[in-house]
Amino acid sequence: MKPKITLKDIARELDVSISTVSKSLKNSKEISKDTKDRIKAFAKFYNYRPNNIALSLKNRRTKNIGVVIPDIVHHFFTTVFRGIEKYANSMGYNVIICISDESFDKEVINMEMLANGSIDGFILSLSAETQQKNDYTHLKELLDQGIPIVLFDRVTDEIACDKVVLNDKGISKQAVEHFIDKGAKKVALITTEEFFNVSESRREGYLEGLKDKGVLVDESLILTLPHGLDHTEHITTFFSNNKVDAVLCVNEIFAVQCMSIIQQLGYHIPNDISIIGFTDGILSKYSSPKLTTVAQHGEIMGAKAAKFLIDRMESLEMEEAPFKTEVINATLVKRGSTIN
């Protein structure tokens, strides 16, 4: 039995574009007879059959976009979704959202459920387990079927698609430099496990900020919190055993939790310890003191991701265009948790 082939396989074997293969199989007048005959003969030899999902998407637009986010606990993801929905609606598209709950299996199930002709394309931020497993087979299969995908925030180099990310490294470096410029000498980092690409970039920025300011790196001041567990004991032990002047947290929840524990231990914020967290959400605005944060501009990120996807779906030229990565520049919002 001959192996099942896709449009992408035919294009690669015959050294033509996917668009050329598609048009040839539809007997388009845009393609020369010789090219059409060569492609049709190859497709017939390998018993090529059009993929029903891809045909559904190409021939009958649903005007629906599938969005898969890791959770709804972090304010950042809700702001990205707001940006996606606002732009998509303005272009006549509806948005269907699913939550992966940081689960690889849920991510796969959600995408399989929507990829049955219900949507025209996906916007996705990878779940924790997907990044941990480093398994992106489900995404590659959808791309092979002609379903476009845009990744945002949590992305991977393993997938060739359009992406929208934050300047995580640069803004972390800026936050660390702000601490040091205000007199901090011992700057801690509260982060997640290294398989999270955003946390790793923020760690790199933290290290670079210390280096550029001539501060030696003390690995004991980097606390890596395990995914999916209660962190109260880890954080309490860390601040009980280490003297620090400032703390950079890779998300808002870590930062607010650290503030609570630090104050319970008798320290004053920001006079004893300054804190900066990522995501300028509701927790940051109503914490005591109010939290200095990295504003990630989720709505801008979401709108850009939606534009990338819709442009690629609606333009034949964009189908073959090189993939792009848009970097959104974060800003530091200074409040009462730091000496400004």
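Visitor: Why are H1 and H2 called roughly perpendicular to each other?
Guide: Helix H1 (residues 7-14) and helix H2 (residues 18-25) pack at an angle of about 110 degrees, with their axes 8 Å apart. Angles of 65 to 115 degrees count as roughly perpendicular (under 35 is roughly parallel, over 145 roughly antiparallel, the rest oblique), and therefore H1 and H2 are roughly perpendicular. The axes are lines fitted to C-alpha atoms over the stretch in contact, with angles running from 0 to 180 degrees between N-to-C directions. Do keep in mind that this is a predicted model, where local features need pLDDT of at least 70 and side-chain atom pairs count only at pLDDT 80 or more, while totals for chains, interfaces and linings use all residues. Residues are numbered from 1 along each chain as its sequence is written, and side-chain values use heavy atoms, leaving out hydrogens and water.

Visitor: Which residues make the contact between H1 and H2?
Guide: H1 brings Leu7, Lys8, Ile10 and Ala11, and H2 brings Ile18, Val21, Ser22 and Leu25; contact means heavy atoms within 4.5 Å.

Visitor: Which residues of H2 are buried, and what do they pack against?
Guide: Ser19, Thr20, Val21, Ser22 and Ser24 are the buried ones, buried being under 20% relative accessible area with a 1.4 Å probe, protein chains only. They pack against H1 and helix H3 (33-45).

Visitor: What makes S6 and S7 a pair?
Guide: Pairing takes at least two DSSP bridges, and strands S6 (residues 187-192) and S7 (residues 222-225) have four, in the parallel sense. Leu189 stands opposite Ile222 in S7.

Notes:
Helix = DSSP H or I, 4+ residues; strand = E, 2+ residues; numbered from the N terminus. Buried < 20%, exposed > 50% of the residue type's maximum accessible area, 1.4 Å probe, protein only.
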